[in-house]
Amino acid sequence: MDWDATSAFTPVGLALRGQPAHRIVRTLGEAAYLLLKDWPSDDGEEYVTAVKACVDAISGQIAPEQFREAFLRAADEAGITALTVVQQPAPERRPDARRA
């Protein structure tokens, strides 16, 4: 079991109601804790799917990124704003045409 699988788990920022209002989930262990202890509703279909996917990811049956997709769907179902960061390569620098 890999509770702290971070290599393939892109962090997710969440805007929750209550304290703390903002959370960043980086590992399967953090996600499991949030789903089981701090999730606002435990009766949605996507929530149940995310809990199962978390267990499957921790036990190595699915990739952490597959769980992440289920986690994002559960957040949407619960009305939680989820923020993700997509890193893109920096644009190539072109020489300034005015310098000659």
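**View 1. Negative surface patch.** In this predicted model, a patch is made of residues with over 30% relative accessible area and no salt bridge, like charges being joined within 9 Å. Asp42, Asp43, Glu45, Asp76 and Glu77 gather in such a patch of negative charge on the surface. Asp43 belongs to the loop between α1 (28-38) and α2 (45-58). Because its relative accessibility is 65%, Asp43 counts as exposed.

**View 2. Largest nonpolar core.** This core holds 24 residues, of which Leu14, Leu35, Trp39, Phe67 and Phe71 touch the most other members. At least two residues each are supplied by β1 (12-15), α1, α2 and α3 (64-77). Helix α2 provides the largest share of the core, 6 residues.

**View 3. Salt bridge between Asp38 and Arg23.** The two side chains meet at 2.9 Å, N to O. The pair links distant parts of the chain, with Asp38 in helix α1 and Arg23 in strand β2 (residues 22-25), 15 residues apart. Asp38 counts as partly exposed, at 36% relative accessibility.

**View 4. Salt bridge between Glu46 and Arg73.** The closest N and O atoms of Glu46 and Arg73 are 3.2 Å apart. This pair joins helix α2, which carries Glu46, to helix α3, which carries Arg73, across 27 residues. Glu46 is partly exposed at 24% relative accessibility, and Arg73 is partly exposed at 40%.

View 5. Asp56 and Lys52 form a salt bridge of 2.8 Å, N to O. Both residues lie in helix α2, 4 residues apart, about one turn of the helix. Asp56 counts as buried at 14% relative accessibility, whereas Lys52 is exposed, with a relative accessible area of 52%.

Definitions and conventions: Residues numbered from 1 in each chain as written. Predicted model: local features only at pLDDT ≥ 70, side-chain atom pairs only at ≥ 80, totals over all residues. Heavy atoms only, no water. Patch = residues over 30% accessible without salt bridge, like charges linked within 9 Å, V, L, I, M, F, W, Y side chains within 5 Å. Areas by Shrake-Rupley, 256 points an atom, 1.4 Å probe, with all protein chains shown as cover. Salt bridge = Lys/Arg side-chain N within 4 Å of Asp/Glu carboxyl O. Lys, Arg positive; Asp, Glu negative; His and termini not counted. Charge placed at Lys NZ, Arg CZ, Asp CG, Glu CD. Buried < 20%, exposed > 50% of the residue type's maximum accessible area, 1.4 Å probe, protein only. Core = buried A, V, L, I, M, F, W, Y, C linked by side-chain atoms within 4.5 Å.
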